[in-house]
Amino acid sequence: MFSKVLIANRGEIALRIVRACSELGVRSVAVYSDADARAPHVREANEAVHIGGSAASESYLRGDAIIDVARRTGAQAIHPGYGFLAEREWFARAVVDAGLVFVGPPASAIAAMGSKTAARTLALSAGVPVVPGTAEPLGDAGEAAAIAARFGYPVLLKAAAGGGGKGMRLVHEESELSAALESARRESRNAFGDDAVYVEKYIEGPRHVEIQVLGDSHGNMLHLGERECSIQRRHQKMIEEAPSIAVSPQLRESMGATAVRAARSAGYMNAGTCEFLLDRDGSFYFLEMNTRLQVEHPVTELVTGIDIVQWQLRIAAGEPLPFIQNQLSPNGHAIECRITSEDAFNNFLPSTGRVTYLRLPGGPGVRWDGGIGIGSEIGLHYDPMLAKLIVWAPTREAAISRMHRALLELTVEGVETSRDFHLRVMEDEEFRRGEIDIQWLERRIVSLTSVAPPPEGVRAAAIAAVLLADRNRDERRIPPGHAPGHAGGDAWLLAARRGGLRDGCPP
Ligand code: MV4
């Protein structure tokens, strides 16, 4: 195993990797920007090195500077987390060229899966089902119309360089096609510097189900089952769970074997994820492969008992996987809610400010993967995801109930968060029945976010009560773990509850 690893990331995922390193007896090196000088990932790592300004382009995207820090601190490997440099082929290559280990797939596998048309072609040749459509970029509108007529409308135009829904256009009939093609090209050119567009048959109301794979450097490749990721808004996932209620053991085996085949075809190694659309009739189609650790990896960890980040490090260090596929069936149910600094009741407007109060949930089956603390300044430089709240329980029903309870325990003051939105989803009857697909959230968002917040006076009084209770605690200066209960806070929360606030928590 390595003795020291550099973490080229920030926030909750940097902290998650620090924890994995710590448990493996590996020293961790954090890097940080101006804005993150006092961030939790900096405090928790064994060493931390400043790399530049607050803008990501001046810090977390400076691959050469980061590799330099790894050399100077004696780190043997770099873990990129997700986002930033995680899927940049040139970075993976530069790390290896510097004599270091990239904790992730080979640069060639990142490249192979980076182009959506190339990934489709690769999948097809490996016998992996893809949505009916073209593998080659479209020519003019006439050619597009001929192809679309062959598949039948509606069709979906997609950017070859794409991802995240950019450059994607739904076309219901031929009369809309040429305008849609033009605008898909324009958006794709602006976003990726490439206007190649291809066409697929549109799949109506599918689920987004993805398979986690793990491959070592000895030729072993396993899948860790699926994650249900249909609850998303504008291509940002909000809630994920494992397993999916739409996936039977037989379907899991089939999708899992398919994901492993897709990964092998790209020469994949380390942790990766194959995304599928799962149709209502049980057919599934490979969409793309994410060549990184994903935000939602914890739900898989909780149902398989496998620490994916630790295994990323072990695999990168050359260890073989000791599991066999039939040991890996999911146990119980896990749900993750992404806690973002967005005001769900105001069109998910990003919210900024300083975290003045933070009460974290706990108790049975609750996991908090966070990157904030009291005093954290939430700005606009980085992604609005502050933390992930993840729960495990024996059944889906119990997991939903547990998530609801944990969300009630969570209090974040100083910045708006998605907490109350998640509470509404956990209370939703359709969600509880598992009747979800990729359009579910768009359909339900108005009713989910139209619940009137309590009157401003009650809200202000409750916030004042919570802040006052917190200040009382600070002034007593009792070290954490030695406080005699939570009496002050409880009394105020009780008062707030009598004042008519839902469960005493400020909305
Ligand atoms: C699709 C689709 C329906 N039919 N392809 C969206 C992002 C990109 N990765 C692929 N996406 C989709 N491709 C066909 N042929 C619907 C989507 C889609 C979607 C997919 C996964 C998760 C959320 C989504 C939200 C809207 C559309």
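1. Let's start with helix 6 (residues 116-125), where Lys116, Thr117, Ala119, Arg120 and Ala123 are buried; buried here means under 20% relative accessible area, exposed over 50% and partly exposed in between, with a 1.4 Å probe and protein chains only. Seen down the helix axis, these residues fall within an arc of 160°, so they line one face of helix 6. That arc is taken from the directions from the helix axis to the C-beta atoms. An α-helix has 3.6 residues a turn, so residues three or four places apart point the same way. The cover over the buried residues includes helix 5 (107-114), strand 6 (155-159), strand 8 (197-201) and strand 13 (284-290). After helix 6 comes Gly127, with a positive phi near 75°.

2. A word on the ground rules. This is a predicted model, in which local features need pLDDT of at least 70 and side-chain atom pairs count only at pLDDT 80 or more, while totals for chains, interfaces and linings use all residues. Residues are numbered from 1 along each chain as its sequence is written, and side-chain values use heavy atoms, with hydrogens and water left out. Helices (H or I, at least four residues) and strands (E, at least two) are DSSP runs, numbered from the N terminus.

3. Now the largest nonpolar core, which has 38 residues; Ile239, Phe421, Met426 and Phe431 touch the most other members. Such a core is a set of buried Ala, Val, Leu, Ile, Met, Phe, Trp, Tyr and Cys residues joined through side-chain atoms within 4.5 Å. Elements giving two or more residues to this core include strand 11 (236-242), strand 14 (333-340), helix 12 (396-409) and helix 13 (419-427). Helix 12 supplies the largest share, 6 residues. Leaving aside neighbours within four places in sequence, the contacts of Ile239 include Ile231, Ile335, Val425, Met426 and Phe431, a contact being heavy atoms within 4.5 Å. There is also a second, separate core of 32 residues, with Ile13, Ala30, Ile315 and Leu328 among them.

4. How many aromatic pairs does a search of the whole structure find? The count is 9, where rings of Phe, Tyr and Trp (its six-membered ring) pair if their centres lie within 6.5 Å, and planes under 30 degrees apart count as stacked, over 60 as edge-to-face and the rest as tilted. Tyr60 and Tyr382 are edge-to-face, 5.7 Å centre to centre with 75° between the planes. Tyr60 lies in the loop between strand 3 (47-52) and helix 3 (63-73), and Tyr382 in the loop between strand 20 (377-378) and strand 21, so the pair ties together parts 322 residues apart in sequence. Tyr60 is buried at 0% relative accessibility, and Tyr382 is buried too, at 14%. Together with Phe84, Tyr60 and Tyr382 form one aromatic cluster.

5. Arg314 lies over the face of Trp311, 5.1 Å from the ring centre, and Arg396 over that of Phe431, at 4.8 Å.

6. Last, some backbone spots to look at. The Tyr153 to Pro154 peptide bond is cis, with omega near 0°, and so is the one from Ala242 to Pro243, with omega near -10°. Arg234, not a glycine, has a positive phi near 50°; this residue is in the loop between strand 10 (221-233) and strand 11 and is exposed at 55% relative accessibility.

Definitions and conventions
A charge sits over a ring if NZ of Lys or CZ of Arg is within 6 Å of the ring centre and within 35 degrees of the ring normal.
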